[in-house]
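Please read the points below with the coordinates open beside you. They are meant as a colleague's remarks on the fold.

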Amino acid sequence: MKSTVETLSPTRVRLAIEVPFVELEPSLKKAYREIGSQVTVPGFRRGKVPASVIDQRVGRGTVLNEAVQDAIPDNILAAVREHDVKTLGRPEVEITEFNDGDALKFTAEVDVRPEITLPDLSTVEVTVDELQIDEDEIDQQVASLRERFATLKTVERPAQDGDYVQIDLAATVDGEEVPGGSATNISHEVGSKQLLPGLDEVLVGVSAGESKTFVTQLVGGDFAGRDADVAVTVRTVKEKELPALDDEFAQLASEFDTLEELRGDVRERVSKSKKVEQIYAARDRALEQMVAAADVPAPEGVVREEVEHRKQAMVDQLERIGASLEEYLTSEEKTEEQIDAELTEAATEGVKIQLLLDTLADAEEVQVSDDEFGHEIVHRAQRAGMAPQQYYDQLVRSGAAGAVFGDVRRGKALAMVMERIKISDSAGNPVNLEELRAASGEDQDHEHDHDHEH
């Protein structure tokens, strides 16, 4: 095999490869074996069909084509190693010349990892918001907890927003009952918009024992898109009673004896949450600054693959909840072109960050131990609801184990970034990463999470 490499851009090369016909012999024999095991020829046992008979039955061209497709990946790999090309993504192959008995000539265009000049980490300075806790935030958290301990009390008055009502529903279209359109004794919060459009508006002012009729458009079933007449009967009206905000509530809702102790605990939890936000903000701003300083280019092919992956993941997620991309676009009032543009922007930034962290990991000779890799496999298996070994075997079969290894390595490189940069808050105070982690209960796992998003 002979090969040359031509640089097309900082992120793309073209390999020109020539393979003598004699070097195709192993792939040719393999092609005859595989095709011979699939064809049935009277008078010959399966797998024992001579090459000349296969040529007659299937065609020499078909065999040659299969041999070439088998030989191309190995020869690309050999050329990549010969020229020390750091490839990214899938190559685009074009056969330029091939005849039976002659050398195979083809080109392979592939994205490559660009040369990146890393900034000195000690010169990277980022600013995060000053950690401030407003008493209103504490009030909101306590109010949310108070809502969980609310009780319902039957009242002899018309329903108002925020009340809970027991209702019966019956839907008809042109006087015909809608299949599945009737329900009895449903509990519903007035104003929550959780049931049919138009229901909440008609319930306000209705007392127990009264009925009302309203019109709504059906979204599913045989009458989808049709207007239905819906009769609603209110059985009971109940108002929500919140417990008094006192020490007794604190004892009911928590392990604390006083309301002040409860508020103190809420304040501490809000503080921890804000400190975690500081860590993430510092991380994102540091990466953004470093990508800009290093002027990292984004390989178009890799970005294109990442956009396809993200879009498919979006479609799969929508399908799991019974929706389509078209419905999502309608609800978001966006076009598919706008979604593609957003995905491309996010994928481009994500790919640039990966390239930066890969370069840093190489420069710092970052290693990943078996324990670190195993920990990540267990972590991902838990999120996927699978046994670790089963998850790992699936990764190996799909060829994705190397990608997970790369994620872990980039995570370690990112942790290194966070250790060396200077972080200050908007008031000019230095922010100590270790103090933040200790206070927030975070460990270095959060460093990996950014990489998983990309």
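This is a predicted model: local features need pLDDT of at least 70, side-chain atom pairs count only at pLDDT 80 or more; totals for chains, interfaces and linings use all residues.

1. Helix α8, which runs over residues 300–320 and has 21 residues, reaches 30 Å from its first C-alpha to its last, close to the 30 Å expected at 1.5 Å a residue. After α8 comes Gly322, whose phi is positive, near 75°.

2. Which residues of α8 are buried? They are Gly301, Val302, Val303, Glu306, Val307, Arg310, Lys311, Met314 and Leu318, so that the buried list holds Glu306, Arg310 and Lys311 as well as Val302 and Leu318. The cover over the buried residues of α8 includes the strands β3 (87–97) and β4 (104–112), together with the helices α9 (325–332) and α10 (336–363).

3. The largest nonpolar core has 42 residues, and within it Val417, Ile421 and Ile423 touch the most other members. Two or more residues are given to this core by each of β5 (125–128), α7 (259–294), α8, α9, α10 and α13 (401–420), with α10 supplying the largest share, 10 residues.

4. Leaving aside its neighbours within four places in sequence, Val417 is in contact with Leu121, Ala286, Met290, Leu357 and Leu360.

5. UniProt, in an unreviewed entry, places the feature "domain: PPIase FKBP-type" at residues 157–215. In the model this span is 8% helix and 49% strand, and its end C-alpha atoms lie 25 Å apart.

Methods. Residues are numbered from 1 along each chain as its sequence is written. Side-chain values use heavy atoms; hydrogens and water are left out. Helices (H or I, at least four residues) and strands (E, at least two) are DSSP runs, numbered from the N terminus. The expected span of a helix is 1.5 Å times one less than its number of residues. Buried means under 20% relative accessible area, exposed over 50%, partly exposed in between (1.4 Å probe, protein chains only). Contact means heavy atoms within 4.5 Å. UniProt positions are given in the numbering used here, feature names are shortened, and annotations may be inferred rather than shown by experiment. A nonpolar core is a set of buried Ala, Val, Leu, Ile, Met, Phe, Trp, Tyr and Cys residues joined through side-chain atoms within 4.5 Å.
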